[in-house]
Amino acid sequence: MDMGKQTFSRVDRVCRHLPVALNTFLVFSITGEVSYLVLVEAPLEADQKKTQWSSCWKMIHLLGQYFMLGNICWNALLFLKTSPSIKGVFLGGEGMGQGWRYCYTCETHTPPRCSHCYDCKVCVLRRDHHCVFFGRCVGFRNYRYFLCCLLFMWSGLLYATLMNAEVFIVILKEGVTVHSILLLLIPWIMLVSGQVSARAFAFAFIADTCVVGFLLVSAFLFFHLFLLFRGQTTREWYSSRRPYDLRLLGNLRHALGLRWYICWLSPLIPSPLPGDGINFPVTGSLEPTR
């Protein structure tokens with residue numbers, strides 16, 4: 001019995017870290033492939049080497065992509081290291097009013113916008129959702145890093161997709177054939193069946209990953225920007241509630257901090273949050289409309 005519990009616990013820990021490891025692998029794979037395109041594949045013609053693909057132009061591309069990579073990694077690291085839970089937070093007992101609830105799992109009263117996460121096994125302040133890609137909840141203290149990480153992932157994937165346009169052109173250069181379509185749609189099967197080389201597979205797979213990743217991240221980013229501008233969490237959006245809407249500037253300030261206008265440039269820029277994650281100005285009805 002104990003052996004089974006230990007095995008289950010180990011498998012559970014591996015599964016929790018698997019999405020982070022997979023995302024890390026994909027991010028660095030895409031960065032390496034785009035760097036290769038810039039350094040090796042970009043100067044297609046001899047006369048182009050001294051024009052648009054000069055050393056200076058390559059350096060600008062590399063600086064831009066590694067600036068985005070640095071922001072993605074640093075924001076992701078701070079997101080994972082910043083706990084959004086109620087652990088270590090004095091919730092008090094005198095100011096409890098409307099919106100406060102009792103969590104029977106944590107055995108404590110919790111403030112408005114706080115809810116229990118059964119994956120993290122703790123209550124989270126201003127809980128938005130549990131992010132399966134990072135294995136951590138998005139809450140009051142780490143929301144800025146989550147949103148900025150999404151922003152730079154979106155810009156990085158847009159850049160990588162544009163850079164990989166040449167890959168799609170090369171694959172489709174001889175026309176839209178069954179071979180070229182299958183290479184773009186199912187590169188793994190084409191590799192296993194011996195229809196393409198490992199090099200062609202790698203370029204096709206990463207190009208596909210860039211397009212699919214860009215579409216997915218775009219959906220996540222624009223949805224969370226929509227919620228940010230409305231002063232809502234995902235949970236509040238489900239119930240059509242907007243009791244904490246402080247208009248555009250107020251919502252930006254409360255979610256991203258006092259330096260909301262510049263903190264997105266780097267996670268190292270301090271931007272203290274104006275609230276405590278417990279008390280929020282109420283501007284509308286707390287009752288759900290659906």
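Buried, as used in this report, means under 20% relative accessible area. By that criterion the buried residues of helix H9 are Gly250, Asn251, Leu252, Ala255 and Leu256. The structure is a predicted model, and the values below were computed from it.

## Overall composition

The protein chain contains nine helices and six strands. It has 290 residues, of which 40% count as buried. Considering contacts between residues at least 6 apart in sequence, 59% join residues at least 24 apart.

## The nonpolar cores

The largest nonpolar core comprises 32 residues, and within it Ile30, Val34, Leu228 and Leu256 have the most contacts. At least two residues of this core come from each of helix H1 (2–41), H2, H3, helix H7 (198–230) and helix H9 (247–256). The greatest contribution is that of H3, which gives 11 residues. Apart from this core lies another, of 14 residues, including Ile86, Leu125, Phe140 and Ile278.

With residues up to four places away in sequence set aside, leucine 228 touches Tyr143, Leu147, Asn251, Leu252, Ala255 and Leu256.

## Helix packing

| Helix pair | Angle | Distance between axes |
|---|---|---|
| H2 (residues 55–81) and H3 (residues 143–163) | about 150 degrees | 8 Å |
| H7 and H9 | about 110 degrees | 7 Å |
| H5 (residues 178–185) and H7 | about 60 degrees | 8 Å |

### H2 and H3

Helices H2 and H3 pack at an angle of about 150 degrees, which makes H2 roughly antiparallel to H3, because angles over 145 degrees count as roughly antiparallel. The crossing of H2 past H3 is left-handed. On the H2 side the contact is made by His61, Gln65, Phe67, Met68, Asn71, Ile72, Asn75, Ala76, Leu78 and Phe79. H3 contributes Tyr145, Phe146, Cys148, Cys149, Phe152, Met153, Ser155, Gly156, Tyr159 and Met163 to the contact. Classified by residue type, the contact of H2 with H3 has 14 nonpolar and six polar residues, and no charged ones.

### H7 and H9

For H7 and H9, the angle is about 110 degrees, and H7 is therefore roughly perpendicular to H9. Leu228, Phe229 and Arg230 of H7 make this contact with Leu248, Asn251, Leu252, Ala255 and Leu256 of H9. The residues involved are six nonpolar, one polar and one charged.

The buried residues of H9 pack against H3 as well as H7. Just after H9, glycine 257 takes a positive phi of about 105 degrees.

### H5 and H7

H5 and H7 pack at about 60 degrees and are therefore oblique to each other. In this contact, Leu183, Leu184 and Leu185 of H5 meet Ala200, Ala204 and Asp208 of H7. Five of these residues are nonpolar, none is polar and one is charged.

## Individual buried positions

Threonine 161 lies in helix H3. Its relative accessibility is 18%, so threonine 161 counts as buried. Leaving out residues up to four places away in sequence, threonine 161 touches Cys210, Val211 and Phe214.

Valine 122 is located in strand S4 (residues 122–124). With a relative accessible area of 9%, valine 122 is buried. Beyond its neighbours within four places in sequence, valine 122 is in contact with Ser85, Ile86, Lys87, Cys106, Ser115, His116 and Cys117. One of these, cysteine 106, is 16 residues from valine 122 in sequence and 6.6 Å from it in space, C-alpha to C-alpha.

Isoleucine 278 is found in the segment after H9. This residue is buried, with a relative accessible area of 8%. Isoleucine 278 and tryptophan 100 are separated by 178 residues in sequence, while their C-alpha atoms are 9.7 Å apart in space. Isoleucine 278 is among the residues of the core of 14 residues, as is Ile86, and Ile86 is also one of the contacts of valine 122.

Methods. Residues numbered from 1 in each chain as written. Predicted model: local features only at pLDDT ≥ 70, side-chain atom pairs only at ≥ 80, totals over all residues. Heavy atoms only, no water. Axes fitted to C-alpha atoms, helices over the stretch in contact; angles between N-to-C directions. Helix = DSSP H or I, 4+ residues; strand = E, 2+ residues; numbered from the N terminus. Parallel < 35°, antiparallel > 145°, perpendicular 65-115°, else oblique. Left-handed = near helix turned anticlockwise from the far one by under 90°. Contact = heavy atoms within 4.5 Å. Nonpolar A, V, L, I, M, F, W, Y, C, P; charged D, E, K, R; others polar. Core = buried A, V, L, I, M, F, W, Y, C linked by side-chain atoms within 4.5 Å. Buried < 20%, exposed > 50% of the residue type's maximum accessible area, 1.4 Å probe, protein only.
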